[in-house]
Amino acid sequence: MYELKLNIANRQCSVFLQNGFYHPSRSQNIHKHNYDELHVVSGGAVAFMVEGKKYTVKDGELLVIPRGRFHSWLDEEDHTLHSALQVDVQHPKTEIIKADPSVIRGLFNEIEKCNTSNDHTVIAAYIPLLCSYLNVSDKQNINEVSDAGMLIEVFFSTSYEKDVHLEDLAQILHLSLRQTERKLIEHTGNNFKEELASTRISIAKYLIESTDMSLTEIAQYVGYRSYAGFWKAMKKYGS
């Protein structure tokens with residue numbers, strides 16, 4: 001993950017580029033972030049669900065999702081290009097924004113080059129152009145993110161449905177297993193197993209309240225292989 005410093009409304013703020021920015025997935029399960037998220041779409045359309053409402057974002061459009069909003073997405077067409085970045089702007093509402101399609105196409109051309117060259121320089125130059133739609137200007141510098149709390153939040157919010165382990169988080173934090181466990185407890189108050197279960201159950205509670213999915217379906221969705229394990233976690237973390 002990388003952090004880009006920009007000036008937003010006369011104050012310095014951060015833009016975070018996750019691995020998904022360069023290697024977007026075709027779909028993403030329900031999750032939320034501590035920062036606003038800006039999605040970029042070219043050549044097709046992407047269907048988003050944000051707090052139960054559907055947004056279809058088409059070629060040359062951006063979608064900004066305020067922090068803390070549960071959301072997911074599914075690319076509707078195979079040729080769709082889709083990337084996302086988190087922005088510290090405190091945008092007031094979920095909103096589709098029209099952008100210059102030529103800028104979007106140029107960005108994805110550079111992303112394709114970056115996949116082989118690993119040169120982030122030109123991509124970083126495109127970020128202020130995208131964020132200009134959010135009143136952002138003046139690129140300053142780009143650095144790899146070192147904020148352990150941010151990396152931990154992103155890890156659990158995007159990996160809760162997978163069979164993940166402490167080793168996976170340690171690799172992202174570039175720490176030993178013991179150091180990773182200490183950082184995790186420092187930032188969340190939980191060990192790895194507890195934080196994973198807590199994240200899964202928070203998503204499950206949202207699905208119970210906002211969808212017609214059965215408890216068995218929800219258990220599978222959030223990563224539990226057995227209903228018994230899901231129900232045990234619900235009793236412990238669902239209050």
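I am working with a predicted model, in which local features need pLDDT of at least 70 and side-chain atom pairs count only at pLDDT 80 or more, while totals for chains, interfaces and linings use all residues. Residues are numbered from 1 along each chain as its sequence is written, and side-chain values use heavy atoms, with hydrogens and water left out.

**H5 and H6.** I looked up helix H5 (residues 166–173) and helix H6 (residues 177–188), which pack at about 90 degrees with their axes 9 Å apart; helices (H or I, at least four residues) and strands (E, at least two) are DSSP runs numbered from the N terminus. Axes here are lines fitted to C-alpha atoms, for helices over the stretch in contact, and angles run from 0 to 180 degrees between N-to-C directions. H5 and H6 are therefore roughly perpendicular to each other, a label for angles of 65 to 115 degrees, with under 35 being roughly parallel, over 145 roughly antiparallel and the rest oblique. I noted that H5 contributes Leu-166, Glu-167, Leu-169, Ala-170 and Leu-173 to the contact, and H6 contributes Leu-177, Thr-180, Glu-181 and Leu-184, where contact means heavy atoms within 4.5 Å.

**Burial in H5.** I then checked burial and found Leu-166, Leu-169, Ala-170 and Leu-173 of H5 buried, on a scale where buried is under 20% relative accessible area, exposed is over 50% and partly exposed is in between (1.4 Å probe, protein chains only). Seen down the axis of H5, these buried residues fall within an arc of 105 degrees, so they line one face of the helix; the arc is taken from the directions from the helix axis to the C-beta atoms. Their cover includes helix H4 (148–159), H6 and H7.

**Positive phi.** I recorded His-174, in the loop between H5 and H6, with a positive phi near 60 degrees; His-174 is exposed at a relative accessible area of 62%. Glu-51, in the loop between strand E5 (45–50) and strand E6 (53–58), has a positive phi near 50 degrees and is partly exposed at 39%. Most residues other than glycine have a negative phi.

**Gln-86.** Last, I looked at Gln-86 in strand E9 (residues 81–87), which counts as buried at 0% relative accessibility. Its side chain and that of His-33 are joined by a polar contact of 3.3 Å, meaning a pair of N or O atoms within 3.5 Å; within protein, one must be able to donate a hydrogen and the other to accept it, and residues adjacent in sequence count only if both atoms are side-chain atoms.
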